[in-house]
Amino acid sequence: MKRLLLLLSLALAALPAFAQKLDTPSFVIQIISNCAEGSVTCDNVNYIGTSKKTGKSVRLRGKTVHSLCADGVTPCRFQGYEFKSGNTHYFVSEDGRLEVTLNNKSLVSEKGQWE
């Protein structure tokens, strides 16, 4: 019985703490936070973006982005999520904007709805 409880606890701990879906005109994006519930910042966030046109997907790992409080250290306001793949930078804002840039050149800039 103790072993069963231990296995159940481990299985529950492996579940993502938080998942969201963003629907933009061109993409469906799943954001999965793999940090403990209640964590202010998270360096283990997954991005799964699927093109509505081609059906192709990209999977990335990234982190949350916050502005800093007046002390310059403490994270304050949540800004969104940041992901990188080589020189390509993906940013998904808390208000549902997807920004994709390559070497600081905009490739995608779309507003979507969180579901």
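Which residue in E3 is the bridge partner of Gln30? The partner is Ile48, and the views below place this pair in its sheet. The model shown is predicted.

View 1. Nine strands make up an open sheet with antiparallel pairing, and their order is E8-E7-E6-E5-E4-E3-E2-E1-E9. Strand E8 (105-111) and E9 are the edge strands; each has a single partner strand, so one side of each has no neighbour in the sheet. Strands of a sheet pair through backbone hydrogen bonds, in a parallel or an antiparallel sense.

**View 2. Strands E2 and E3.** Strand E2 covers residues 27-33 and strand E3 covers residues 45-51. Seven bridges pair the two in the antiparallel sense. Gln30 and Ile48, the latter in E3, are bridge partners.

**View 3. The hairpin of E4 and E5.** Strand E4 (residues 57-68) and strand E5 (residues 75-85) run antiparallel and are joined by six bridges. Leu68 has Pro75 in E5 as its bridge partner. Six residues lie between the strands of this hairpin, where Gly72 takes a positive phi near 75°.

**View 4. The hairpin of E5 and E6.** E5 is also joined by six bridges to strand E6 (residues 88-93), and these two run antiparallel. Opposite Gly80 stands Ser93 in E6. This hairpin has two residues between the strands, and Gly86 takes a positive phi near 65°.

View 5. His66 is part of strand E4. The relative accessibility of His66 is 17%, under the 20% limit, so the residue counts as buried. A polar atom of the His66 side chain lies 3.0 Å from the backbone oxygen of Val40. Not counting residues up to four places away in sequence, His66 touches Val40, Thr41, Pro75, Cys76, Arg77, Phe78 and Gln79.

**View 6. An aromatic cluster of Tyr47, Phe83 and Tyr90.** These three residues, Tyr47, Phe83 and Tyr90, form one aromatic cluster. A pair of aromatic rings is described by the distance of the centres and the angle of the planes. The count of aromatic pairs comes to three. One of them is the tilted pair of Tyr47 and Phe83, with 5.1 Å centre to centre and 50° between the planes. This pair links distant parts of the chain, as Tyr47 in strand E3 and Phe83 in strand E5 are 36 residues apart. Tyr47 counts as buried because its relative accessibility is 3%, and Phe83 is buried with a relative accessible area of 1%. Tyr47 and Tyr90 form a tilted pair too, at 5.3 Å centre to centre and 55° between the planes. Here Tyr47 in strand E3 and Tyr90 in strand E6 are 43 residues apart, and the pair links distant parts of the chain. Both Tyr47 and Tyr90 are buried.

View 7. Trp114 lies in strand E9, which covers residues 113-114. Is Trp114 buried or partly exposed? Trp114 counts as partly exposed because its relative accessibility is 23%. A polar atom of the Trp114 side chain lies 3.1 Å from the backbone oxygen of Glu94. Asp95 is 19 residues from Trp114 along the chain, and their C-alpha atoms are separated by 8.1 Å. Leaving aside neighbours within four places in sequence, Trp114 is in contact with residues including Gln20, Lys21, Leu22, Ile31, Tyr81 and Val92. Ser93, Glu94, Asp95 and Gly96 are also among its contacts.

Note on methods: Residues are numbered from 1 along each chain as its sequence is written. This is a predicted model: local features need pLDDT of at least 70, side-chain atom pairs count only at pLDDT 80 or more; totals for chains, interfaces and linings use all residues. Side-chain values use heavy atoms; hydrogens and water are left out. Helices (H or I, at least four residues) and strands (E, at least two) are DSSP runs, numbered from the N terminus. Buried means under 20% relative accessible area, exposed over 50%, partly exposed in between (1.4 Å probe, protein chains only). Contact means heavy atoms within 4.5 Å. A polar contact is a pair of N or O atoms within 3.5 Å; within protein, one must be able to donate a hydrogen and the other to accept it, and residues adjacent in sequence count only if both atoms are side-chain atoms. Two strands pair if DSSP finds at least two bridges between them. Rings of Phe, Tyr and Trp (its six-membered ring) pair if their centres lie within 6.5 Å; planes under 30 degrees apart count as stacked, over 60 as edge-to-face and the rest as tilted.
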